[in-house]
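Biologist: Hi! Could you walk me through this model? I'm new to reading structures.

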Amino acid sequence: LVEMASARVELDTISYSAALSACEKGGEWRAALRLFFEVASASVELDTISYLAAVSACGNGAQWVAALGLLVEMASGSIEVDTIMYNAAVSACEKGGQWPVAFELLFE
């Protein structure tokens with residue numbers, strides 16, 4: 001992203017989503033959250049893919065509270081929370097040892 005910005009390439013939702021996904025796949029949940037909130041405070045609009053990458057990254061790090069926070073934020077905005085997103089949140093709860101919370105999500 002830094003190289004893209006220095007080459008004056010416009011950073012958009014797709015480039016940020018790709019970076020978030022790379023963080024998720026690399027097990028870098030802290031970097032994913034930092035990037036997510038950096039993008040959210042900029043003028044770039046986040047989409048379902050961006051949220052999914054961030055929630056999945058939190059799940060990989062067993063950060064279930066952060067994953068649920070993103071889910072709530074997404075639901076309060078204009079982006080629809082779908083089955084894939086709920087599955088990612090359930091997975092985050094499972095990895096964090098929060099079976100009761102995961103179970104509750106199944107009925108939302």
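**A chat about the model**

Modeller: Happy to! Let's start with S50, which sits in helix α4, residues 48–60. Helices here are DSSP runs of H or I with at least four residues (strands are E runs of at least two), numbered from the N terminus. This is a predicted model, where local features need pLDDT of at least 70 and side-chain atom pairs count only at pLDDT 80 or more, while totals for chains, interfaces and linings use all residues. Residues are numbered from 1 along each chain as its sequence is written, and side-chain values use heavy atoms, with hydrogens and water left out.

Biologist: Is S50 buried or exposed?

Modeller: S50 is buried, because its relative accessible area is 0%. Buried means under 20% relative accessible area, exposed over 50%, and partly exposed in between, using a 1.4 Å probe and protein chains only.

Biologist: What does S50 touch?

Modeller: Beyond neighbours within four places in sequence, S50 is in contact with T13, S17, L20 and F36. Contact means heavy atoms within 4.5 Å.

Biologist: New topic: how many disulfides are there?

Modeller: A disulfide is a pair of cysteine sulfur atoms within 2.5 Å. By that rule the count is zero. C23 is in none, and the nearest cysteine sulfur to it, in C58, is 11 Å away.

Biologist: Which residues does A67 touch?

Modeller: A67, found in helix α5, touches V55, C58 and A92, not counting residues up to four places away in sequence. A67 is buried, with a relative accessible area of 0%.

Biologist: What about A62, what's its phi?

Modeller: Phi of A62 is near 55°, a positive value in a residue other than glycine. Most residues other than glycine have a negative phi. A62 is in the loop between α4 and α5 (64–76), and is partly exposed at 29% relative accessible area.

Biologist: Last one: where is L106?

Modeller: L106 is in the segment after α7 (99–105). L106 is exposed, with a relative accessible area of 54%.

Biologist: Thanks, that helps a lot!
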